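Reader: Could we go through this structure together? I would like to take it one topic at a time.
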Amino acid sequence: MLRFLLRRLFTMALTALCLTFIVFFLTNLPPNLEKLAKSEAGSRISDAEVRSWLDKNGHGSPLLVRYGEWLGVMPGWTREENGVTRGRCIARGQDPATAPTFCGVLEGNWGFSSVFKDDVGTIIGTRLGLTGILMFWVMVLMVPAALLIGVLAGMREGSKLDRSLSTFSIASTATPEYVSGVILIAVFATSMGWKVFKGTATSAMDSITFENFFLPVLTIALYGIGYIARMTRASMTEVMTAQYIRTARLKGVSFGNVVMKHALRNALIAPFTVIMLQFPWLLNGVVIVETLFNYKGFGWTLVQAAGNNDIQLLLGCSVVAVVVVLTTQLISDVGYVFLNPRIRIS
Amino acid sequence: MEELGWGAMLLGLAKQFLPVWIALVVTFALSIRYKRRLGLYGKLFDSNIGMTGFAIVMFWVFSALFADLIVTHDTLSQISQMKNKAPGTPTPDGLGWYLLGGDHLGRDVFSRMVAGSRVVIQIAPLATLFAFMVGVTLGLPAGYYGGRLDTGLSFLANLILAFPVILLFYLLVTPEIVKTGLPQYIAIVLFLFPIVFLMVLINSRYYVKPNFRTKVLIAIAVIGGYLYLSLVGEVGSKVAVLPNAIDLIHMPGNILIVFVSVVFVNSPTVFRIVRGITLDIKTRDYVSAAQTRGERPWYIMLWEILPNARGPLIVDFCLRIGYTTILLGTLGFFGLGLSPESPDWGSTINAGRKLLTIAPHPAIVPALALMSLVLGLNLLADGLREESLKD
């Protein structure tokens with residue numbers, strides 16, 4: 001088990017390294033840097049001025065060196081100019097002698113956002129908190145609903161209940177967030193439909209109420225519910241045909257007891273992995289829903305960063321996204337082993 | 001002319017879709033008549049779910065096909081009096097109606113929705129097919145040989161899968177990156193796979209008939225190569241191989257980029273599925289028999305394993321077209337890739353969502369269209385799965 005964990009952690013670190021390098025490469029391509037220079041130093045500067053601005057601000061060195069600096073394994077650049085030493089790790093007004101040599105993501109220095117004019121670490125921290133609240137409520141709504149639907153549909157395969165619940169779950173997987181969100185807003189938040197909820201969640205950033213938060217949560221949850229419910233149903237139907245269920249039934253255990261005490265636990269192993277693997281999907285949904293409902297969380301920040309060529313912030317966001325995805329994959333793998341003793345790791 | 005009521009509006013819609021209804025009836029009549037001779041496709045007509053799904057999917061396919069006959073107005077012409085008008089409003093010239101209302105620029109929502117189906121039906125199945133070619137060409141050897149090859153390819157696939165899709169889109173489709181020609185370089189790699197796949201397929205089968213094989217291979221290389229070069233290259237962009245005169249396919253740059261990114265996102269998943277099935281099937285007796293006969297590895301992979309993996313692959317193909325449709329919508333929703341003028345459903349939803357409280361119909365109509373197509377594909381996949389499990 002320990003070796004398995006170590007190997008997984010090693011692969012995870014390698015993947016994270018590769019992915020951040022790809023993102024770094026893609027966000028630091030010459031046209032992006034040119035755009036950055038023009039937005040920082042004035043849009044009408046000549047090509048030569050662009051080049052000198054980039055050189056002056058440490059974007060001139062080779063890609064790998066810059067990546068190393070950003071990561072914090074290479075010493076940050078320093079440059080002396082008119083007797084003043086400037087550098088990546090030297091804050092404005094700081095004595096160069098006291099500045100650290102390394103300053104990168106590994107040292108907790110995430111850079112400075114050019115759009116929000118703030119430290120990337122702080123921005124991501126606050127935004128991630130807001131998204132965390134959203135995710136929490138999505139999970140609270142999605143997981144029990146999906147499991148309930150799946151178990152109810154799967155306990156009597158082919159029954160009317162099964163047919164209608166299965167159709168519902170197919171329909172909900174066929175409805176991406178931007179479709180269900182638009183429909184839900186039109187039906188529940190405009191004067192043409194019932195005006196029960198609010199069409200934006202901006203006010204939910206200060207105080208969450210049922211009125212302003214239910215629609216975004218429901219929109220994200222709906223897309224996930226169908227998928228998890230179908231997995232639960234498949235696993236439930238499989239368990240219900242097992243020998244020990246028949247034995248229990250023949251012994252005279254009531255149907256409800258069989259479902260609750262004998263079948264449920266075994267049927268929930270597969271959905272667990274699926275729920276964990278839903279996180280990356282949720283991330284996708286979060287970006288769409290936060291844009292649609294104007295809830296300024298992590299997904300909204302990612303869109304702003306990508307749309308405004310905010311290189312440092314985009315890098316920070318991708319690191320967080322990649323780490324979230326990889327961690328959930330690891331948890332799902334480990335959890336699967338714990339839940340299912342039949343699986344042995346060689 | 002007065003405004004249309006709901007009944008008259010629905011009647012008008014049904015009338016506009018007349019070519020689609022005729023085509024649907026003909027398809028269904030012929031298919032049900034000859035269903036016993038049509039294999040898996042024919043069996044689809046035994047299951048209600050499959051039939052419903054097939055009907056919805058074909059509805060949109062025929063709509064895309066006959067879009068020119070169905071549309072009532074030009075998709076780009078704007079009538080300023082018709083801005084955000086409700087469904088069934090007559091046009092000021094008194095010649096017709098905006099059956100499903102006007103959008104924020106005074107364009108006909110109905111016509112744009114129909115024209116949008118053309119964009120989706122053109123890109124989604126083709127992109128999925130390409131993703132399958134890539135996934136199959138890489139997944140078969142990974143599962144069959146295992147070892148280092150498998151470890152390497154799986155790592156690459158997981159790498160792409162760990163990328164949040166939206167981030168990947170933002171990174172690939174922004175104008176700055178398009179300027180560097182990166183999507184075109186990816187296209188060069190990805191579009192090579194179908195040709196490689198076909199050549200290996202033919203070569204492994206007709207290895208013993210060198211004359212025939214060589215002829216076919218040369219044909220594939222010439223035709224495929226020509227299509228490849230004209231698809232990948234475009235005069236005036238970073239990759240320009242063929243001169244304009246003989247460049248057959250003029251794909252607008254942004255459509256190519258959307259196409260590439262969708263293929264790029266889909267192929268790792270297909271790879272994983274194919275690899276998994278291969279791992280399972282290669283332990284079967286008929287594979288050992290072929291090995292004992294002394295068949296070559298690629299023959300076993302493509303002519304023994306692949307045909308026996310068709311069931312799950314066909315089902316996944318249907319599901320994946322639906323998923324690709326969703327991805328295309330996502331791209332449009334974020335205003336990436338396709339031009340904002342484009343009538344595709346994602347872009348129209350994006351344009352309509354900003355005025356949702358004033359006029360919901362410009363966003364609702366394409367949203368329902370997209371939902372119904374994906375639902376149809378899901379139902380079709382479900383029906384196929386049920387029917388293919390029966391034998």
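Reader: Is Asn309(A) buried or exposed?
Author: Asn309(A) is buried, since its relative accessible area is 8%. Buried means under 20% relative accessible area, exposed over 50%, and partly exposed in between, with a 1.4 Å probe and protein chains only. This is a predicted model, in which local features need pLDDT of at least 70, side-chain atom pairs count only at pLDDT 80 or more, and totals for chains, interfaces and linings use all residues. Residues are numbered from 1 along each chain as its sequence is written, chains are lettered from A and ligands numbered from 1 in the order in which they are written, and side-chain values use heavy atoms, with hydrogens and water left out.
Reader: Where is Asn309(A) placed, and what is its phi?
Author: Asn309(A) sits in the loop between α12 (298-307) and α13 (311-339) of chain A; helices (H or I, at least four residues) and strands (E, at least two) are DSSP runs, numbered from the N terminus. Its phi is near 55 degrees, a positive value in a residue other than glycine. Most residues other than glycine have a negative phi.
Reader: What about Lys117(A): buried or exposed?
Author: Lys117(A) counts as exposed, at 54% relative accessibility. Lys117(A) also has a positive phi, about 50 degrees, although it is not a glycine. The loop that holds Lys117(A) runs between β3 (112-113) and β4 (118-119) of chain A.
Reader: How many helices and strands does chain A have?
Author: Chain A has 13 helices and 4 strands. Its radius of gyration is 26 Å, well over the 20 Å that the globule rule gives for 346 residues, so chain A is more spread out than a compact globule. That radius is taken over C-alpha atoms, and the rule is 2.2 Å times the number of residues to the power 0.38.
Reader: Changing topic, which residues touch the most other members of the largest nonpolar core?
Author: They are Phe110(B), Phe191(B) and Phe334(B), in a core of 180 residues. A nonpolar core is a set of buried Ala, Val, Leu, Ile, Met, Phe, Trp, Tyr and Cys residues joined through side-chain atoms within 4.5 Å.
Reader: And what is Phe334(B) in contact with?
Author: Leaving aside neighbours within four places in sequence, the contacts of Phe334(B) (heavy atoms within 4.5 Å) include Val287(A), Ile288(A) and Tyr170(B). A second, separate core of 20 residues includes Leu140(B) and Leu302(B).
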